[in-house]
Amino acid sequence: MIVVLKPNITKKEEAAVLRGIRRLGYEPRVLRGVERTVIGAIGDERKHHTLETLTAVFPQVESVTPIQKRFKLVSREAHRGNSTITLPNGTVIGGKKFVVMAGPCSVEGEKQLLTTAHAVKQAGATVLRGGAFKPRTSPYEFQGLGEKGLKLLAKARKETGLAVITELLSEQHAEMVAEYADILQIGARNAQNFQLLIAAAKTGRPVLLKRGLSMKIDEWLLAGEYVLAHDNANLMFCERGIRTFETYTRNTLDLSTVPIIKKESHCPIVIDPSQGAGKADLVAAMSKGAAAMGADALLIEVHPNPAEAWSDGAQQLTLEGFAKLMGELQPFIAAAGRD
Ligand code: PEP
Ligand code: MN
């Protein structure tokens, strides 16, 4: 059930409604919008009619509506506006301004990371990506620098002012990764690792949830529901391609997720054309398409020397390739009515 509060109510009035919801046996989850506060009431769905009494008891409650979908807090029914996520460096994801997150697939060392960070910042990115814990298909491949990589990301943030996104691979690292990261990335292989999603949510950091390799959109939305249901409203979805019969590309980047996520959810949608295409020469076209379709942000892999990269060499843009793409994106961003 979704409880919508009237505009401009006081904290005290809001607290009274929250107490009322708890008294009826529901757990309230607050979604604070710019104009209005919306409360998701979680509990036994068969007894939801009891919540309807709230409108009679509390004048500050505007409406109480059931949500028909299985995903509730992530759904547009729960929150009609677009949710925005503000990072400590002022970057807003999901707002009027299009956001670009860029950096290497893996953090390999100080020079590689800092060179990339300065270059992507110069080109207009506001968030630095880089994996310190890497989910590799083979146990013999580079697994990431671990905490050393996180420290390098923090150093790059300090030098450039970029915010940092990095992957959280294991529940046991949640606190540590959250200490260094501004956004926790949940990778495709862990997209339905529900305990990991809960651990990520509980750190309080914004969460970027990749789509699993063979995940249906409703399963992806329900995975996102775990984050919001554990009191973390700062969730963004990230399409990174799914596995299909096609082998020309590494994955099939499903750009239909942009209008679909926008229709079904209030959470921002990010496109990762790098894992999506798996080929550097396709990244620019997919990025432009995503921007024009109304995606909120891009997550792009960039490396000073992709041929020598320790992971995902074939899909990483060079520093020059990234700068060129950034120079060409503007009309596509504008086509979607964004800055
Ligand atoms: C990555 O971003 O480098 C990565 C491993 O992504 P995914 O989980 O989408 O494969
Ligand atoms: Mn990668």
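How far is an oxygen atom of ligand 1 from an N or O atom in the side chain of Arg240? Select the pair and you'll get 2.6 Å, which is a polar contact (a pair of N or O atoms within 3.5 Å; within protein, one must be able to donate a hydrogen and the other to accept it, and residues adjacent in sequence count only if both atoms are side-chain atoms). The protein covers 97% of the 300 Å² of accessible area that ligand 1 has on its own, with areas from the Shrake-Rupley method and a 1.4 Å probe.

Quick housekeeping: this is a predicted model, where local features need pLDDT of at least 70 and side-chain atom pairs count only at pLDDT 80 or more, while totals for chains, interfaces and linings use all residues. Residues are numbered from 1 along each chain as its sequence is written, chains are lettered from A and ligands numbered from 1 in the order in which they are written, and side-chain values use heavy atoms, with hydrogens and water left out.

Stay at ligand 1 and pick Arg129: an N or O atom of its side chain sits 2.8 Å from a ligand oxygen.

Zoom out and colour by domain: domain 1 is 2–65 and domain 2 is 85–335, as given by an automatic or database domain assignment. Their C-alpha centres lie 35 Å apart.

Next, select Thr37 in strand β3 (residues 37–42); strands are DSSP runs of E, at least two residues, and helices runs of H or I, at least four. Thr37 is buried, at 12% relative accessible area (buried is under 20%, exposed over 50%, partly exposed in between; 1.4 Å probe, protein chains only). Its contacts (heavy atoms within 4.5 Å) include Val3, Leu5 and Glu14.

Hop to Lys121 in helix α3 (residues 110–123). Lys121 is partly exposed at 40% and touches Thr160 and Leu162, not counting residues up to four places away in sequence.

Last stop, backbone torsions. Most residues other than glycine have a negative phi. Asn8, in the loop between β1 (2–5) and α1 (11–23), has phi near 60° and is exposed at 77%. Asp231, between α7 (217–229) and β12 (235–239), has a positive phi of about 65° and is exposed at 58%.
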